[in-house]
Amino acid sequence: MAKIQLKNICKRWGSTVGVRDFNLDIEDKEFIVFLGPSGCGKTTTMRMIAGLEDPTEGEIFIGDRCVNGLDPKDRDIAMVFQSYGLYPNLTVYENIRFPLKIRKVDSATHDKRVHKASDMVELGNLLERYPRELSGGQRQRVALARAIVREPNVFLMDEPLSNLDAKLRVSTRAQIKHLQHTLQTTTIYVTHDQIEAMTLADRVVVMSMGELQQLGTPTEIYDKPANTFVASFIGSPAMNLLDGEISDGKFIADHTLVKDIPSGLPNAVTIGFRAEDIQVTTELEGDITAPVYSVELLGDSTLISIKIGDALLIAKADKAFRVNIGQTVSFIIPPESRHWFNKEDGARIDF
Amino acid sequence: MFLFIAIPLVTVFVQSFYVTQTVYNTVSVETCTPSFPTSICTTSEKSVPVMDKDNNPVTKTVYVGLDTYKSVLETGKVAKLISSGHFFDIFSNIDFYKALSFTLLFTLITLPLVLGVGLLIALAVNNVSKRMKGPVIFVSLLPFIITPIIGALSIKWLFVSNGLLTRVLEKITGHEISVFANSWSIELLMVFYRVWHVAPFAFVLFYAGLQSVNKDTLESAIIDGASRFERIRYVVIPHLMPLIYFVTLIHLMDTYRVFEEIIGFASQAHVISLQWLTYNFLEPDDTGNRAISSASASSMLTMVGIIILLAPVLKRTLRDQKKG
């Protein structure tokens, strides 16, 4: 079991910057998720921890050791890849046993350890099959079993659920969560899916353009996004953001007039609010009043969207709520649900 | 297919059971020498070819069954050598077995070398920087592009008694070196030449295969603790296996018909191959006759040999294909 520390990590390829001055302390037994869009540097950061890439600058500590010069095999980590990375010519049993065999672990213990690992991911009856005879979910479970068989200090998971269909993703996600809880191993999990991040993580690292945007528990990230990037990335649907100006103690934009705003806001601001916090009404006395752009029925609720300039604002209304496209509606944003961001740099404004 | 493969194959097969000979007639010839008081006459019997009306020798083709095969295989001589306890003389005294043993040896020695060298070049090229790849690939492919007979001759000329390399080696070692005086050194040179000539073919295929090795699997192996060699053994080679079978098939077929090396290195006096034996049967002998049926029999036997060699590889490939 180990803590992980990243100190001033940079990764550059020529003039391309992958990761910029990245600092992070990961606690022992913590489940941490790197979340961000494609190309934000999250996988690169994980690969540097694994030793598959060398950082251009900075130091990486696993436990008390600086692992910068160490080969991946000497870092006592295990990794699960998006496309499984199984050995196609070996059976499931041999795949799981491979790390033990290669590391010359006492062969008398192999059988017991392989069975223990395969039972944990419920693969017990598939040990004689070849990877090509397994479904995607089963393959990913083989990869998980191969990772846990050696009982490493750190698990690294690189978008392990991305190749699975939606239903399987939910069950495998639960399995990963349960596994980490049972094994109590420090885990770093890379994903671009914010639902995975919210459901799995003890703490989430939100990244963009090679930089850390926010580090916090899923609740912190959801309730207090540090900037407009995090706000627009987390939540389904993501937070609504609308640029406007402050004048006479009111927030003004097209079709929009928000009263009762906190004092001390700069002139150019962005207001943010979540779809589920808004009330939608057909009476025309809300904060934002505009014609309906589209109506989406979700079953448990109805999404009503309106368009202000380029911004598409979405509200979650009751499942019985019905309006027609083009009909004018009003959004009422309760004061406690409003988030304010500086329009210039996108940073959150707290009071 | 039918016109160019099946028909020639069937005709060669049929020819191997027939022998075409000139028809001879036995005639009594009385030869008289002038003498006194009377000329001395002797009568002798002589075979003369029967001529047709255009004065060409008349030929007839007779069915001889397996006799041609027996004469190529020299079954009588083999039996005699075995019974006299000189089993190994079969491979030095009888042309067919001499050719068979060299051909087999040549095929089986070059196969692992071609696979190994091909894989090594492919791995090396895969690891050089992008800028160097083009030139390195071109240079590696050169031996494959060169006409076999020219390649063989140029290697031979390097090693003949006054060749460049022989002179250099003599300077270095201080001994007189004559590569072409010994059977083993010629064989070594032939093996070297064949590997040099064919390894690029294996290289190209393996290099193409290397481009599709699953990167995740390779990295899994790195994290699991596999060394460079273990990664090749457990990830790269299993991935290249279908290509290795393919190169093996092609190489077995190709090398079992080894011919250019015999001609190029003029090694007939020391070693011959099955293909060269067939060629030799087809060459007109002192009387201008070609042993066509022997040549047919020998080429049929060569083909049977190839089929026997290929059978296990083909079986394995088919099995893998069914599995995959």
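## Where the two chains meet

In this predicted model, 19 residues of chain A are in contact with 14 residues of chain B. On the side of chain A that touches chain B, the elements giving two or more residues are β6 (77–80) and α2 (92–102) of chain A. Sorted by class, that side of chain A holds 14 nonpolar residues, together with three polar and two charged ones.

## The two domains of chain B

Chain B is assigned two domains, of which domain 1 covers 2–22 + 40–80 and domain 2 covers 87–323. Taken over C-alpha atoms, the centres of domain 1 and domain 2 of chain B are separated by 36 Å. Between these domains of chain B, 14 residues of domain 1 are in contact with 12 residues of domain 2.

On the side of domain 1 of chain B that touches domain 2, two or more residues come from each of α1 (2–15), β1 (18–22), α2 (67–73) and α3 (75–83) of chain B. The element that gives the most to this side is α2(B), with five residues. By class, the residues on this side of domain 1 of chain B divide into eight nonpolar, four polar and two charged.

## Two cis peptide bonds

Most residues other than glycine have a negative phi, and most peptide bonds are trans. In chain A, however, the peptide bond from A:Ser236 to A:Pro237 is cis, with omega near -5°, and A:Pro237 is placed in the loop between α8 (228–233) and β11 (240–247) of chain A.

Chain B has a cis peptide bond joining B:Phe36 and B:Pro37, where omega is about -5°. The loop that holds B:Pro37 runs between β2 (24–33) and β3 (40–49) of chain B.

## Two residues with positive phi

A:Asp76, a residue other than glycine, has a positive phi, near 55°, and lies in the loop between β5 (65–66) and β6 of chain A.

Notes:
Residues numbered from 1 in each chain as written. Chains lettered and ligands numbered in written order. Predicted model: local features only at pLDDT ≥ 70, side-chain atom pairs only at ≥ 80, totals over all residues. Contact = placed C-beta atoms within 7 Å. Helix = DSSP H or I, 4+ residues; strand = E, 2+ residues; numbered from the N terminus. Nonpolar A, V, L, I, M, F, W, Y, C, P; charged D, E, K, R; others polar. Domains from an automatic or database assignment.
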